[in-house]
Amino acid sequence: MQKIEKREKVLVCGGAGYIGSHTVLALERAGFEAVIVDDLSNSKASVLDRLQQIAGRSFKFYRLDLCKPRETLELFRQESPAAVIHFAGYKAVGESVEKPLMYYRNNLDSTLSLLEAMQKAGCRRFVFSSSATVYGGVTRMPLHEDDPTSCTSPYGWTKVMIEQILRDLCVADKAFSAVLLRYFNPIGADPSGLIGEDPQGIPNNLMPYITQVAVGKLDKLHVFGKDYPTPDGTGVRDYIHVSDLAEGHVAALDFSRRSVGCRAFNLGTGQGVSVLELVHAFEKASGQKIPLQIEGRRAGDIAECYADPSLAEEVLGWKACRDLEEMCRDSWNWQKNNPGGFPES
């Protein structure tokens, strides 16, 4: 990716998390100056040491709860960023059903606090970490950006609501640029093996569950449903390497410099991969056998979900380039070198 001439300062909110940390590296490699903001509620401070090892330099870090408007505004006054990438937010679907008020309070308040501080500081470029979950009940595949949005969980509704807030803001402020990046299923890790996905407790996502079985942390993989109308009966999803996803944010930042208004983009590969296909690809890449047990379908799961990513290629000049073998290899490289995840700080 071509480097920009000036090192623009970018506030990376949630920059110590899985996708955020990989995006910090992508920004550094593209010539941006990343400033990390994180309250470490779902990440560890040791991530910062790992980022320094990979990049060869330290990153400025603020431990901050973005739901606090005064502290957030003071951050903008100190740093005067050119743009913001917003990853910070609670993200477990099941937990959001059990604790909806916690999710609405945190995810909406942090966003509103950020946007209000941006307005006061004159910062008008915002890249939002959205999700394919906003497509709700759409069953026609592949999914397009103009498909209707809806949701089935409080977590998902926070994404839908924040997208609407940003659309409304762009109507009111004609100079504001908001880029909504709808992620599909990020997996993989930086090739260094120093950073990767480190979920707290039992993983909610498939790949970290597979890797934790591979290192003996979990006994076996539970596969929910083998009677879907798919080639092997298991659910099909669009898996994307986290480094490709991170580079999508760099492309979105570049786009925000030359465009105003609110635009949504799918970030995926456009290829569906079933649960069993992913398991077999991982076994081949790692040499590890993954014991599994077939269970009944989970409520709310759908047969398949994959993107049409052509708009991102056409407008942002971005396309996922890492294949499934690389995703599996890098996931395993991270997990085998860090069987317990990141060290405690």
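**Rings tucked inside**

Me: Is Trp334 buried or exposed?
Reply: Trp334 has a relative accessible area of 3%. Buried means under 20% (exposed is over 50%, partly exposed lies in between, with a 1.4 Å probe and protein chains only). So Trp334 counts as buried.

Me: What am I looking at here?
Reply: It's a predicted model, where local features need pLDDT of at least 70, side-chain atom pairs count only at pLDDT 80 or more, and totals for chains, interfaces and linings use all residues. Residues are numbered from 1 along each chain as its sequence is written, and side-chain values use heavy atoms, leaving out hydrogens and water.

Me: How many aromatic pairs does the structure hold?
Reply: Rings of Phe, Tyr and Trp (its six-membered ring) pair if their centres lie within 6.5 Å. By that rule, the structure's count of aromatic pairs is four.

Me: Which kind of aromatic pair do Phe282 and Trp332 form?
Reply: Their ring centres sit 5.8 Å apart, with 90° between the planes. Planes under 30 degrees apart count as stacked, over 60 as edge-to-face and the rest as tilted. Phe282 and Trp332 are both buried, and their pair is edge-to-face.

Me: And which kind do Trp334 and Phe342 form?
Reply: Phe342 is buried too, at 7% relative accessible area. From the centre of its ring to that of Trp334 is 4.8 Å, and the planes are 50° apart. That makes this pair tilted.

Me: Which residue lies over the face of Tyr228?
Reply: A charge sits over a ring if NZ of Lys or CZ of Arg is within 6 Å of the ring centre and within 35 degrees of the ring normal. Here the distance to the ring centre of Tyr228 is 4.1 Å, and the residue is Arg297.
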